[in-house]
Amino acid sequence: MVMQKIIPAGATISELKKKAAECEEKAKQASEPEAAKLREEALLYREWIAPLRSGKWL
């Protein structure tokens, strides 16, 4: 039997928003190409939020 821990989508969304904001803040201070990498990472976090909100990730 495999035990799974269910994490509410709201908590996950909040964490993803926080990570995206951190990446965007770091990107402001970083030089290229590191800044571009951080902006791309932030974009990925934000892209993960949409399916979580809609429930289409199931």
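Modeller: Let us begin with accessibility: a residue is called buried when its relative accessible area is under 20%, exposed when it is over 50%, and partly exposed in between, judged with a 1.4 Å probe and with protein chains only. This is a predicted model, in which local features need a pLDDT of at least 70 and side-chain atom pairs count only at pLDDT 80 or more, while totals for chains, interfaces and linings use all residues. Residues are numbered from 1 along each chain as its sequence is written, and side-chain values use heavy atoms, with hydrogens and water left out.

Biologist: By those cut-offs, is tryptophan 48 buried, exposed or partly exposed?

Modeller: Tryptophan 48 counts as partly exposed, because its relative accessibility is 47%. Tyrosine 45, by contrast, has a relative accessible area of 13% and is therefore buried.

Biologist: What is the geometry of the rings of tyrosine 45 and tryptophan 48?

Modeller: In general, rings of Phe, Tyr and Trp (for Trp, the six-membered ring) pair if their centres lie within 6.5 Å, and planes under 30 degrees apart count as stacked, those over 60 as edge-to-face and the rest as tilted. Applied here, the rule gives a count of one aromatic pair. The ring centres of tyrosine 45 and tryptophan 48 are 5.5 Å apart and their planes stand at 80 degrees, so the pair is edge-to-face.

Biologist: Which residues is cysteine 23 in contact with, beyond its neighbours in sequence?

Modeller: Contact means that heavy atoms lie within 4.5 Å. Cysteine 23 lies in helix α1, and it is buried because its relative accessible area is 7%. Leaving aside neighbours within four places in sequence, its contacts are Leu38, Glu41, Ala42 and Tyr45. Alanine 27 is also found in helix α1, and its relative accessible area of 7% is why it is classed as buried. When residues up to four places away in sequence are not counted, alanine 27 touches Ala35, Leu38 and Arg39.

Biologist: Where is alanine 30 found?

Modeller: Alanine 30 is in the loop between α1 and α2, and because its relative accessibility is 26% it counts as partly exposed. Not counting residues up to four places away, alanine 30 touches Ala35 and Leu38.

Biologist: How far apart are arginine 53 and isoleucine 13 in sequence and in space?

Modeller: They are 40 residues apart in sequence, yet their C-alpha atoms are 7.9 Å apart in space. Arginine 53 lies in helix α2 and is in contact with Ile13 and Lys17, once neighbours within four places are left aside.

Biologist: What is the radius of gyration of the protein chain?

Modeller: The radius of gyration is taken over C-alpha atoms, and the globule rule is 2.2 Å times the number of residues to the power 0.38. A compact globule of 58 residues would have a radius near 10 Å, whereas this protein chain has 14 Å. Its C-alpha atoms fill a box of roughly 45 × 25 × 15 Å along the principal axes, and buried residues make up 19% of the 58.

Conventions
Helices (H or I, at least four residues) and strands (E, at least two) are DSSP runs, numbered from the N terminus.
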